[in-house]
Amino acid sequence: MRSFSCFGMLLVIVGVAPVLAGPTGYSVRSNADQHLYSIDLGTGVATDLGLLNFSDAEGLAFAGSRLYAIGGFVAEFWNITSPPGVLVGATGARNGIDAGLDFDETQNKMYNLNSDAGSSSLYEINIANGAANLVGSDTIFGDGLAIDSNGRAFSADWIFTDSLYAVNLANGDLTVVGGLGLGDVFLQSGLAFDPSDVLYALTSSGGIYTLNTGTGQAAFQAQVTLAGNAIDDFEGLAIIPEPSTLALAALGLVLLAVYGRRRKR
């Protein structure tokens with residue numbers, strides 16, 4: 001009976017973890033209430049995390065456990081891990097008005113892709129003071145920036161060409177991957193990879209999509225909702241890893257070992 005109880009405890013320990021339908025994303029309603037939201041990217045269910053002191057948060061990215069945001073036409077770089085956030089510093093003047101942001105773990109560098117109609121400019125951002133250094137530019141509009149675990153970078157154009165692009169982090173060149181398959185929907189978007197290198201997009205209308213990095217094809221997943229109502233006006237997307245079942249099981253085994261020693265005493 002004692003061994004059965006221990007096994008039962010392990011199941012309970014592992015079972016108490018919340019089960020989500022998808023990874024957890026973070027975005028800002030920068031065209032509405034300026035609040036930061038966490039979003040289950042599988043179900044679309046959102047949670048309001050509070051008001052930011054940053055009125056133009058467009059590009060969002062995690063570097064370690066810290067969540068950063070950069071403005072599109074406001075030249076500021078912020079740490080928004082805990083709303084209302086803390087200003088890291090001024091970026092200096094940057095080209096464009098739509099900002100994408102992501103952290104390349106392979107190089108330990110933060111990148112910003114700033115774009116406008118007919119142009120895009122890639123910058124490296126000094127994470128300590130927010131200063132931007134131009135890497136290179138292209139004549140293609142790219143909205144959002146996402147970098148996978150292998151250092152491959154992508155952006156998308158939902159407005160003019162309905163396409164996914166690969167971004168060269170060495171010189172800022174954009175190369176078409178393929179069509180999104182949605183038509184010219186005139187939406188802004190945020191992009192981010194989940195821990196399994198699945199590319200997610202969140203549009204300004206609150207639509208959640210996964211994008212095929214081989215073909216560019218977009219697949220609808222969910223609509224963002226708050227208290228059962230659809231909400232929109234989002235810009236930017238960042239994703240953090242979730243606790244794995246194996247990690248929870250390991251924690252359970254540790255707790256069982258402690259429990260067993262106490263029983264023996």
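Visitor: Where is G22 found?

Guide: Happy to start there. In this predicted model, G22 lies in the loop that links helix 1 (2–15) with strand 1 (24–28).

Visitor: What makes G22 count as buried or exposed?

Guide: Buried means under 20% relative accessible area. G22 has 9% relative accessibility, so G22 counts as buried.

Visitor: How many residues apart along the chain are G22 and G44, and what separates their C-alpha atoms?

Guide: They are 22 residues apart along the chain, and 8.9 Å separates the two C-alpha atoms. G44 also belongs to the hairpin of strand 2 and strand 3, where five residues sit between the strands. There, G44 takes a positive phi near 85 degrees.

Visitor: Why are strand 2 and strand 3 said to pair?

Guide: Pairing needs at least two bridges between two strands. Strand 2 (residues 35–40) and strand 3 (residues 46–51) are joined by five bridges, so they pair, and they run antiparallel. As an example, Y37 has D48 in strand 3 as its bridge partner.

Visitor: What is the order of the strands in the open sheet of four strands?

Guide: The order is 4-5-6-7, with antiparallel pairing.

Visitor: And what makes strand 4 and strand 7 edge strands?

Guide: Strand 4 (57–63) and strand 7 (86–90) each pair on one side only. From one strand to the next, the twist averages 25 degrees.

Visitor: How do you know that strand 6 and strand 7 pair?

Guide: Use the cut-off of at least two bridges again. Strand 6 (residues 76–79) and strand 7 have four bridges, so they pair, in the antiparallel sense. Within this pair, N79 stands opposite V86 in strand 7.

Technical notes
Residues are numbered from 1 along each chain as its sequence is written. This is a predicted model: local features need pLDDT of at least 70, side-chain atom pairs count only at pLDDT 80 or more; totals for chains, interfaces and linings use all residues. Side-chain values use heavy atoms; hydrogens and water are left out. Helices (H or I, at least four residues) and strands (E, at least two) are DSSP runs, numbered from the N terminus. Buried means under 20% relative accessible area, exposed over 50%, partly exposed in between (1.4 Å probe, protein chains only). Axes are lines fitted to C-alpha atoms, for helices over the stretch in contact, and angles run from 0 to 180 degrees between N-to-C directions.
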